[in-house]
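Thanks for coming. I have one structure to go through today, so please look at the screen.

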Protein chains: 2
Amino acid sequence: MINIGIIGCGTVGLNVIKILQKQRNNIINKIGCNINIKWVCDKDSSRLRAANLPKEKLTDDLKKVILDPEVDIIIELIGGTDTSKNIIIDALNHNKHIVTANKAVLSKYWDKIFSLALQKKLSVYFEASVGAGIPVIQSLNEGLVTNRIQSIIGILNGTTNFILTKMTDENMNFNQALKLAQKSGFAEANPALDINGSDTAHKLSILASIAYSNHLPFENIYREGISNINPIDIKYAKKEFGYVLKLLAIVKNDNNEISASVYPTFISDEHPLATVENEYNAIYIHGDSAGDIMFYGKGAGGPAAASGVTSDIVCLARNIFYRTAGKFSYVSYNTKLNLNMKPIEKTESKYYLRFTTVDKQGVLAKISGILSENSVSISACFQEQRHKKQSVPIFILTHKAKEGNIRKALKTIDSLSIIKSKTVMLRILES
Amino acid sequence: MINIGIIGCGTVGLNVIKILQKQRNNIINKIGCNINIKWVCDKDSSRLRAANLPKEKLTDDLKKVILDPEVDIIIELIGGTDTSKNIIIDALNHNKHIVTANKAVLSKYWDKIFSLALQKKLSVYFEASVGAGIPVIQSLNEGLVTNRIQSIIGILNGTTNFILTKMTDENMNFNQALKLAQKSGFAEANPALDINGSDTAHKLSILASIAYSNHLPFENIYREGISNINPIDIKYAKKEFGYVLKLLAIVKNDNNEISASVYPTFISDEHPLATVENEYNAIYIHGDSAGDIMFYGKGAGGPAAASGVTSDIVCLARNIFYRTAGKFSYVSYNTKLNLNMKPIEKTESKYYLRFTTVDKQGVLAKISGILSENSVSISACFQEQRHKKQSVPIFILTHKAKEGNIRKALKTIDSLSIIKSKTVMLRILES
């Protein structure tokens, strides 16, 4: 019998308990031993009661769980960073294996957690931290282990994907779509970490750290959110070019220079990622041998996240039962490998630009001149007929250009008196 | 150092050698030990030479490899069933772990192979047997282990998917598309096992055997191939209903009754599987907790298959190095679990029917009457204007109906003198 202590009894915790009870016989059949929930710990007594377990298993005292010598695995499900980091470190120091669904803590304390786990010969599993029930962590870590990972492109946040889907399919603006997401349970009351790309970047940090065998910190990931997205651009790019806008996490390895970013990006509607709608997530990986591989599924929600957490628990419990747990590090971790980061200015992309200009002759010539001076070459251009409005939009698509060049060009252009408001710049994914 | 013996030096074998050489440092870094190719065995000396390895590693003598006490893992890459079964059994009896990419042998000898592996405390890994480099075997076996798998729907054969894609997108007929597939290297000279659904059924047998913890033999899978598909039906269903035709492998668990089939099936063009084109494969799994999960990637080709094979080798080598290999069975295997199979006649589906009838009044009434007598209810119907041709088509879509009923109805209808040729019946996937 393997004893576990669950810390944090919210939606995911309750679903973990439910699955372990429902699948009890299946688990015994598959791994040969029983998994016993010895403790459920939460500060909120109403959440504890919801667990519907015998009273002696419930506690609000963390120490009781972590210090219990009979507990083999600590399941950290409280979220956040600092308290959960202390729990994980404390539990490792008391020789407990760890399962966590917490992307923020791993993204921030990757080094600390995995070096201690390595030293203590303990395992830290974290399947549900990215893509909830999608088995992408194990796949990247083991199934694609012999591939040089050339790129990972992910739709990793259900909230923003839901909002962008509604803006695309139902012509909503950002605020309308956000409200619907909140009403439908796909966005929290304070959605800032989702909307500004931080949650996506935490997850990208984890995927990249696995792919490149060293910590790629959150701070090294360039981020733009979706709160400024104007439906005009979604509508226009869809109609004219068949583009769909997605908040993408992108990490690329160009000759051992790694670039990592999160920003709203146009993709062709024929790209497999274009069909990933609403709260769904997907991770599109290019390995040098396997080629393009995509993982798709629900990226959030209690049952889906609990599917990932319980698969980790079962895997670890089996390893503990057969005394193989911690004999080798689950995550390959090599601090000697320096990740050589490429700054955003040096990355290249195709760009979508929308200029808001005064309705005057010569404006297009001026703009295209400045783009050209900065080595940005135009692939498509559309200007509406002049119609004596106060301002008119000019749409430009560029060939591949350096981000540094486009930024310099836009800075010059936006300072001109013919420009009425800040130019919209969105990147286009090459497929 | 872990020693391996590769048996079969075709495209996959050569790519396995290439990857192990190219990724040597990466592998040592990840698992702490080196993987040494001790033997490459093939009957064809020109294939051996292509391996470009020192002469003393090359042999045409199977026994030399299997009997070598220094060899830890046998990599079986010769394909087929009986010879490869003998190699695997022989190698297990000589205490070698196994990696294989051979779906046919596993599908046929699942019981024999896994019961012997269990008894000998050895591991048999087979990631590349389904979907080549897509890590679906490990994901189903471990990542989704706490899910009750309600259905698996797969596009598992690149040849047939390539042919159907060309028939759909480029209006080719079956023979034209097959020739193009052969010319492009996506179909073998003798493509029978691909075209008739057998290869797909072998792979479904493996996926289902993992999902339901017992052998689901090839013979228990109902099969229809694609050689009789008429472009008329592809064109019509796409134009009128937005359907796309795919050769699907489907296993379902309805209240512990398992149905398993392979047949060409219409799916909505909005289903994630509809975007899987040409030689790509995908596996769409519904788990009770994880929800809908899809795995997508190249299902064939040397590098992609070798990605799967080498990930197995690395995993096994690491387990051998840390002395954890074979401590527990990789595949959960319980002969006491009886799979309760539901015969095809009892399964339910929506159906697409095309009748070829004489151009006479009352024909539609007659056909719909017989369908109704057999409890088959019509959801859509289209009959061209009568135009004094020798025969006219009538298209009918049905609501959900029992396969047994539809077969009975079609048998009666096809015996009528108003029917000019065998009625086309294709199933429609519910989404």
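This is a predicted model: local features need pLDDT of at least 70, side-chain atom pairs count only at pLDDT 80 or more; totals for chains, interfaces and linings use all residues.

Helices first. In general, a packed pair is described by the angle between the axes and the distance between the axes. In chain A, take helix α1, residues 11-22, and helix α13, residues 302-321: their axes are 8 Å apart and meet at an angle of about 60 degrees. Perpendicular would start at 65 degrees, so α1(A) counts as oblique to α13(A). The crossing of α1(A) over α13(A) is right-handed.

Which residues make the contact? From α1(A) they are Thr11(A), Val12(A), Leu14(A), Asn15(A), Val16(A), Ile19(A) and Leu20(A). From α13(A) they are Gly302(A), Pro303(A), Ala305(A), Ala306(A), Val309(A) and Thr310(A). Sorted by class, this contact of α1(A) with α13(A) has nine nonpolar and four polar residues, and no charged ones.

Now the two chains. Chain A and chain B each put 45 residues into their contact. On the chain B side, the elements that supply at least two residues each are α2 (24-31), α7 (136-143), β12 (291-298) and α13 (302-321). Of these, α13(B) gives the most, with nine residues. The chain B side that touches chain A is made up of 18 nonpolar, 20 polar and seven charged residues.

Last, the strands. β12 of chain A, residues 291-298, runs antiparallel to β12(B), and five bridges join them. What stands opposite Tyr296(A) in β12(B)? That is Met294(B).

That is what I have.

Terms used. Residues are numbered from 1 along each chain as its sequence is written. Chains are lettered from A and ligands numbered from 1 in the order in which they are written. Axes are lines fitted to C-alpha atoms, for helices over the stretch in contact, and angles run from 0 to 180 degrees between N-to-C directions. Helices (H or I, at least four residues) and strands (E, at least two) are DSSP runs, numbered from the N terminus. Angles under 35 degrees count as roughly parallel, over 145 as roughly antiparallel, 65 to 115 as roughly perpendicular and the rest as oblique. A crossing is left-handed if the near helix is turned anticlockwise from the far one by less than a right angle, and right-handed if clockwise. Two residues are in contact if their C-beta atoms, placed from the backbone, lie within 7 Å. Ala, Val, Leu, Ile, Met, Phe, Trp, Tyr, Cys and Pro count as nonpolar, Asp, Glu, Lys and Arg as charged, and the others, Gly among them, as polar. Two strands pair if DSSP finds at least two bridges between them.
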